[in-house]
Amino acid sequence: MSLIKAENLNKTFRIYQRGEGIKGYLKSFLSRDYEEVHAVEDLNLEIEEGEMIGYIGANGAGKSTTVKMLTGILEPSSGQIEVDGRDPHKHRKKNAMNIGVVFGQKTQLWWDLPVKESFKLLKEIYEVSDEDYEARIEEFDEVLQLSDFWDQPVRKLSLGQKMRCELAAAFLHHPKIVYLDEPTIGLDVAVKERIRDFIKKMNREKDITVMLTTHDIGDIEDLCDRIVVLDEGKKIYDGELDTLVNRFTSRRLVMDTRGTEPVELELEGIKEINQDDGHVEIVFDREVISASDLMREVLDNYDVLDFQIREPDIETVVKKVYNEGL
Ligand SMILES: Nc1ncnc2c1ncn2[C@@H]1O[C@H](COP(=O)(O)OP(=O)(O)O)[C@@H](O)[C@H]1O
Ligand SMILES: [Mg+2]
């Protein structure tokens, strides 16, 4: 059985039109003048234990709403959710012991407390033994370097330091699942890297299932084999990142050759050949012809000085999916 299972999941928000002033505000309650926003529509999703999936989509696609339903914070308008055999909204408390959550824009730490006191509280809440606690904090510290600011109150931390704490807090009790909603937003490259290393380590070594929502394609490339793309509340892709990339873009073989005569290559899978003196660019479909087969043919026909295979850039692919759909 899947660890996370959502069936025909829907969340519709009603937005009431507000008039001017108090009168208008009161009237809006009476007049039932509202618009409906279908934040999540008929979503079916299954996630297996140990997976790390990237949940991506444009702003307002419904990613956070999905995470809020899966964590039990929001009740679905219709449909079913089972997380580790439980309805997360009906069994919020039990579910909470089983999961960790990071919402990029919010903090779950205590603002005025020193970091170490916040962690002691979490230790009590999640009933982590002394022994586990010490071992884990030490391990977390190696990657996230929490000791840099262990005694400081949370409110004094920089965004990057805060996020390192949030990550550690979400994984402290070794939950079955961790939901990360935009954990790298606004962070510099060095902190991002640290955080990615940490997530990877927790997923691989502790087998903790991770659902990651992000705008950062680098996060996805680095961490996720499987991605789910959401567009206006609907799932438009669920599968391997590579497959998506292959479907949407071609690879290019770029080379410098001796000789300037244009060469005709009659090969299936070649989409385009652009030649400018010795500089040649061949656009090809990797699903039809492999790079090595293409290279063999090329070496028979050109006097190659130098070559390079250019991979498509994932950001472009994802933008294309958003814009054109599948
Ligand atoms: N509490 C709410 N009340 C009304 N509309 C909401 C609420 N939360 C989200 N929405 C709307 O639902 C849609 C999806 O939002 P969200 O899940 O936050 O998207 P994402 O996280 O992908 O950016 C948006 O149109 C948003 O304005
Ligand atoms: Mg969001």
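Student: This is a predicted model. What is a polar contact?
Tutor: Look for a pair of N or O atoms. Within protein, one must be able to donate a hydrogen and the other to accept it. The pair must also lie within 3.5 Å.

Student: How many Å separate an oxygen atom of ligand 1 from a backbone N or O atom of Gly62?
Tutor: Gly62 is one of the residues that surround ligand 1. A polar contact needs two N or O atoms within 3.5 Å. Here the backbone of Gly62 supplies one such atom, and an oxygen atom of ligand 1 is the other. They lie apart by 2.9 Å.

Student: Which element gives the largest share of the shell around ligand 1?
Tutor: Two elements give two or more residues each: strand E2 (34–47) and helix H2 (63–71). The largest share is three residues. It comes from H2.

Student: How many charged residues does the shell around ligand 1 hold?
Tutor: Sort the shell by residue type. Five residues are nonpolar and five are polar. The number that are charged is one.

Student: Is Ser2 buried or exposed?
Tutor: Ser2 lies in the segment before strand E1 (4–16). Buried means under 20% relative accessible area. Ser2 has 8% relative accessibility, so it counts as buried.

Student: Which residue's side chain makes a polar contact of 2.5 Å with the side chain of Ser2?
Tutor: Beyond four places in sequence, Ser2 touches Glu46, Ile47 and Glu48. The side chain of Glu48 makes a polar contact with that of Ser2 at 3.0 Å. The contact at 2.5 Å is with the side chain of Glu46.

Student: Within what arc do the buried residues of H10 fall, seen down its axis?
Tutor: The buried residues of helix H10 (residues 291–301) are Leu294, Met295 and Val298. They line one face of the helix because of the arc they share. On the other side of H10, Arg296 and Asp300 are exposed. Seen down the axis, the buried residues fall within 100°.

Student: Why do residues three or four places apart point the same way in an α-helix?
Tutor: Think of one turn of an α-helix. Residues three or four places apart point the same way because the number of residues a turn is 3.6.

Student: Is Lys192 buried or exposed?
Tutor: Lys192 sits in helix H7 (residues 189–206). Beyond four places in sequence, it is in contact with Thr184, Leu187 and Asp216. The cut-off for buried is under 20%. The relative accessible area of Lys192 is 18%, so this residue is buried.

Student: How many Å apart in space are Leu45 and Leu113, C-alpha to C-alpha?
Tutor: Leu45 is in strand E2. Its relative accessibility is 2%, so Leu45 counts as buried. Leu45 and Leu113 are 68 residues apart in sequence. In space, C-alpha to C-alpha, they are apart by 39 Å.

Methods
Residues numbered from 1 in each chain as written. Chains lettered and ligands numbered in written order. Predicted model: local features only at pLDDT ≥ 70, side-chain atom pairs only at ≥ 80, totals over all residues. Heavy atoms only, no water. Near = heavy atom within 4 Å. Helix = DSSP H or I, 4+ residues; strand = E, 2+ residues; numbered from the N terminus. Nonpolar A, V, L, I, M, F, W, Y, C, P; charged D, E, K, R; others polar. Buried < 20%, exposed > 50% of the residue type's maximum accessible area, 1.4 Å probe, protein only. Contact = heavy atoms within 4.5 Å. Arc of directions from axis to C-beta.
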